[in-house]
Amino acid sequence: MKALRWHGVKDLRLENIVEPKPAKGEVKIKVEWCGICGSDLHEYTAGPIFIPLETHPLSGDKAPVVMGHEFSGQVVEVGEGVTRASVGDRVVVEPIYACGTCEACKQGKYNLCDKMGFYGLAGGGGGFSEFAAVPEVMIHKIPESVSYEQGALVEPSAVALHAVRSSKLKVGDKAAVFGTGPIGLLVIEALKASGASEIYAVELSEERKQKAAELGAIVIDPKEYDAVEEIHKRTNGGVEVSFEVTGVPPVLTQAINATRIGGETMIVSIFEKEASIHPQNIVLKERTVTGIIGYRDVFPAVISLMAQGYFPADKLVTKRIKLDEVIDEGFEGLLRERNQVKILVKAE
C-alpha cells in the first residue's frame, strides 16, 4: 500500500510498504481522510521532535515512520480479542500511546505519560496511508451525522477543547486567541461551546482573519493596532483568559499582558525555540501561565459537539488533496501558501 514516511528533515517519501494486519487487540482501518497537523509540519521542517530515532518504548518503532495522526476511516478487519469494534464501524483515532503504569497514568492523565507518544509520529503506522492497524483502545465511533471529513478534525478539535476545559474560563468570560491557524480557530469554536461572551482573535493573515470572523470572533490585526492596548480598551481591563497558539516567542508576552488582573494565559503551542518573559508581567497582576499537551478524555465530547454543528469542516478546511499530492501540495503547500488553514488528505 502507499504510505508517507518521515526519513529526516525535509525528507518525506511516499513509499510502497506492506499493508498492515491487525494484531491481537487491534483493528484495521481503511483510512478515509487525514489532516496535516502543525506538529507534522514542525517534524518536516525542524524534526525530529516527537519522532523517535531510537526504538520507542511503547510503539516498538523508530524512524522512518509513517506519518499522520488526525484521521478517520472504516473498520475493515478486527484482531483477536477485540470486543468494542466491528467491521463496518465508522471511527476516528485517539492516537496517544501511554504506558498505564507511570504516576501520570495512575492519575488518569495519560497524555502526560512519561513514555507518551503519538501514533503517526512515534511509529506503529499512520493516517497518511491507505490502511492503518491501531490498538482498539484508540478508536472512537462516530455517528452517521458526523462525516469522515468532520471526523478528521476530531483530534485537533480535542486539543482545543482540552485547552479551554483546562483553563479557568467560566461562562460569560471574555477570551483572546493569539494566532488563528487550525488549532486557534478550533479554540474559538471550543470557547463558543463553553460560553465565552466575547472572543478576540489576534491574527495577521487575511485568510485566517476572515475565517476567525466567520466563526464569530472579534478580529484584531496587530499591523493596525497594538493588540494588547486594543484588547484592554475594548474589554475595560483585559480578558479573563488568553490562549497562545502561535509558537512565536514575542507573542507569549502579548498574550500574558492582554489578560486582566488575576487573568490566565494558556499555552497551546509547541515552541521550537525558548521564549523569554519578564516575571513582573505575571507577578504584579497576580496572573497565571499554564499549558496543555494533547488531550485526555475529550473525544466523546468533541464528537457530540460536532453532531450539534460545532467545529464545522466546511468553514475550517481550505484544501483537499490526494495522498499522491501530500508532499508537494500538502507539506510544501503549507509552507508556500500561508493563507491555508486546514489541508485534508484523501487516502485512495
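Predicted model: local features only at pLDDT ≥ 70, side-chain atom pairs only at ≥ 80, totals over all residues.
I will start with the helices. Two packed helices are described by the angle between their axes and the distance between the axes. Take helix α1, residues 38-46, and helix α12, residues 326-336. Their axes are 11 Å apart, and the packing angle is about 85°. An angle from 65 to 115 degrees counts as roughly perpendicular, and α1 and α12 are therefore roughly perpendicular to each other. On the α1 side, the residues in the contact are D40, L41, Y44 and T45. On the α12 side, they are F331, E332, L334 and L335. Sorted by class, that contact of α1 with α12 holds 5 nonpolar, 1 polar and 2 charged residues.

The second pair is helix α5, residues 182-193, with helix α6, residues 206-214. Here the axes come within 10 Å and cross at roughly 15°. Angles under 35 degrees count as roughly parallel, so that is the label for α5 and α6. The crossing of α5 past α6 is right-handed. From α5, P182, L185 and I188 take part, and they meet R208, K211 and A212 of α6. By class, the contact of α5 with α6 has 4 nonpolar residues, no polar ones and 2 charged ones.

Now the single residues. Where is N111? N111 sits in the loop between α2, 103-106, and β8, 117-118. Is N111 buried or exposed? Its relative accessibility is 1%, and buried means under 20%, so N111 counts as buried.

Which residues does N111 touch, leaving aside neighbours within four places in sequence? They are I96, M116, H162, I293, Y295 and R296. Two of these partners deserve a further word. A polar atom of the N111 side chain lies 2.8 Å from the backbone oxygen of I293. With R296, the N111 side chain makes a side-chain to side-chain polar contact of 2.9 Å. N111 and R296 are 185 residues apart in sequence, yet their C-alpha atoms are 6.1 Å apart in space.

How values were computed
Residues numbered from 1 in each chain as written. Heavy atoms only, no water. Axes fitted to C-alpha atoms, helices over the stretch in contact; angles between N-to-C directions. Helix = DSSP H or I, 4+ residues; strand = E, 2+ residues; numbered from the N terminus. Parallel < 35°, antiparallel > 145°, perpendicular 65-115°, else oblique. Contact = heavy atoms within 4.5 Å. Nonpolar A, V, L, I, M, F, W, Y, C, P; charged D, E, K, R; others polar. Left-handed = near helix turned anticlockwise from the far one by under 90°. Buried < 20%, exposed > 50% of the residue type's maximum accessible area, 1.4 Å probe, protein only. Polar contact = N/O pair within 3.5 Å; in protein donor to acceptor, adjacent residues only side chain to side chain.
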